[in-house]
Amino acid sequence: MSPRLGVIAESAWHRVPGGTHRAFAATLDALVGLDRFRVTGIAAAHRERRDLPIPVRHHRLPRPALYEAWHHLGRPSVAGGPYDVIWSPAVVVPPRSASSTDAPMVVTVHDVDFLDHPEYLSRRGRWFHPKAFAVACERADRLVVPSSVVADAVVGHGADPARVRVVPWGVDPIEPEAEPGRLPAGLPSRFVLWVGTVEPRKNLGRLVEAMAHNGVDLVVVGPDGWELDGRDVLAPLGDRVHRLGFVDDAELRALYAAATVFVFPSLAEGFGLPVLEAMAAGTPVVTSAGTATEEVAAGAARLVDPTDVASIAAAIEEVVGDDEVRASLVSAGSARAASATWGATAEGYARVFEELVSGGKTA
């Protein structure tokens with residue numbers, strides 16, 4: 001009989017699902033498609049339902065209380081057990097007595113920027129994430145990370161390297177020029193696209209500075225986060241900014257496909273899913289050297305120093321103004337995106353789960 005896999009599915013109830021939830025949802029769909037596990041979701045108490053491809057068992061506690069109880073009190077055990085293996089796709093860690101079979105545990109660590117740059121986080125984030133990471137290092141049989149950059153970082157912060165596994169994210173195919181009718185009205189024919197949450201490490205302020213004199217419009221997709229007011233950050237570009245906030249998946253695909261260049265000069269990422277999404281849409285990419293996005297781009301993007309406004313500005317000017325450069329980046333990016341599938345991501349996780357189910361708790 002197939003192993004029983006319990007999955008912490010709480011990100012499906014986040015107010016504005018971000019890249020980590022999109023990665024989880026795509027990986028979950030692909031895992032279900034493998035048909036090698038009996039998968040059950042585990043979540044806190046919620047009034048609203050979510051459309052997930054698996055049954056979900058809910059706790060009586062709301063999210064904040066459940067997380068606190070798990071991390072600080074070591075209870076309650078996870079709902080719906082027993083399980084043969086438990087996966088937390090974010091750093092939220094149930095107690096080791098999570099089922100009557102003491103199921104082995106896999107925790108995904110997307111990044112450890114909360115340890116390297118706590119100034120980038122909200123007040124709650126600075127308090128919550130370090131504790132959660134410490135608990136993950138203590139309880140998890142495997143820590144799965146999306147890039148070698150994060151693997152090196154978690155080991156540097158005390159994780160047992162024998163328990164760390166790298167499983168990169170994938171990307172959905174996006175047809176260039178897909179669904180042009182989904183584009184918002186009033187966008188220019190040429191524009192720079194940026195996608196993310198407006199928070200310090202995303203480095204949107206330097207991108208705005210870099211675009212001050214190039215005459216190209218900037219389209220910004222994503223919600224306000226913390227520590228920054230998006231209106232203040234974007235104000236220097238005046239009416240050259242098109243602030244769209246949260247958009248649905250179809251509209252996001254259309255924006256990627258229509259953009260002249262996608263620019264993502266983040267200061268720190270665990271992976272950088274928007275880089276692959278833009279490449280899959282046939283759009284040239286400018287992103288940061290020295291971060292996980294350089295690893296994700298794999299030579300198919302123009303790299304910049306994210307702390308150097310002039311470096312960002314020069315790369316944008318080159319890609320926007322040179323058809324040959326743009327065509328070369330599109331070709332390389334499309335090939336890179338085609339090599340990254342959610343099926344491969346699911347297979348990577350399945351191997352980790354099956355290793356533990358077969359008795360390999362210690363590496």
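Which residues form one aromatic cluster? F24, F37, W87, Y349 and F353 do. Rings of Phe, Tyr and Trp (its six-membered ring) pair if their centres lie within 6.5 Å.

This is a predicted model, where local features need pLDDT of at least 70, side-chain atom pairs count only at pLDDT 80 or more, and totals for chains, interfaces and linings use all residues. Residues are numbered from 1 along each chain as its sequence is written, and side-chain values use heavy atoms, with hydrogens and water left out.

## Aromatic pairs and cores

The whole structure holds ten aromatic pairs. A pair of aromatic rings is described by the distance of the centres and the angle of the planes. W87 and F353 form a tilted pair, 5.8 Å centre to centre with 50° between the planes. Planes under 30 degrees apart count as stacked, over 60 as edge-to-face and the rest as tilted. This pair links distant parts of the chain. W87 is in strand β4 (residues 85-88), F353 is in helix α13, and they are 266 residues apart. Helices (H or I, at least four residues) and strands (E, at least two) are DSSP runs, numbered from the N terminus.

Both W87 and F353 are buried. Buried means under 20% relative accessible area, exposed over 50%, and partly exposed in between (1.4 Å probe, protein chains only).

The largest nonpolar core has 86 residues. Such a core is a set of buried Ala, Val, Leu, Ile, Met, Phe, Trp, Tyr and Cys residues joined through side-chain atoms within 4.5 Å. W87, L193, L204, L207, L218, Y256 and F353 have the most contacts inside it. Helix α13 (residues 342-357) gives this core its largest share, seven residues. A second, separate core has 32 residues, including I42, L66, F128 and V150.

F353 is in contact with L5, L31, F37, V85, W87 and V106, leaving aside neighbours within four places in sequence. Contact means heavy atoms within 4.5 Å.

V241 is found in strand β10 (residues 241-245). V241 is buried, with a relative accessible area of 16%. Not counting residues up to four places away in sequence, V241 touches L218 and L234. From R47, V241 is 194 residues apart in sequence and 37 Å apart in space, C-alpha to C-alpha.

| Pair | Angle | Axis distance |
|---|---|---|
| α9 (residues 273-280) and α12 (residues 323-338) | about 115° | 7 Å |
| α11 (residues 309-321) and α12 | about 95° | 5 Å |

How is α11 placed against α12, roughly parallel or roughly perpendicular? The angle makes α11 roughly perpendicular to α12. The contact is made by E318, V319, V320 and G321 of α11 and D323, V325, R326 and L329 of α12.

α9 and α12 are also roughly perpendicular to each other. Angles under 35 degrees count as roughly parallel, over 145 as roughly antiparallel, 65 to 115 as roughly perpendicular and the rest as oblique. L276, M279 and A280 of α9 meet G333, S334, R336 and A337 of α12. α9 passes α12 in a left-handed crossing. A crossing is left-handed if the near helix is turned anticlockwise from the far one by less than a right angle, and right-handed if clockwise.

An α-helix has 3.6 residues a turn, so residues three or four places apart point the same way. G74 follows α2 and has a positive phi, near 70°.

Cis peptide bonds come next. The bond from R75 to P76 is cis, with omega near 5°. The bond from G81 to P82 is cis, with omega near 5°. P76 is found in the loop between α2 and β4, and P82 lies in the loop between α2 and β4.

## Positive phi outside glycine

D35 is a residue other than glycine with a positive phi, near 60°. D35 lies in the loop between α1 (19-34) and β2 (38-43). D35 is exposed, with a relative accessible area of 62%.

A298 is not a glycine, yet its phi is positive, about 50°. The loop between α10 (292-297) and β13 (302-304) holds A298. A298 is exposed, with a relative accessible area of 53%.

Notes: Axes are lines fitted to C-alpha atoms, for helices over the stretch in contact, and angles run from 0 to 180 degrees between N-to-C directions.
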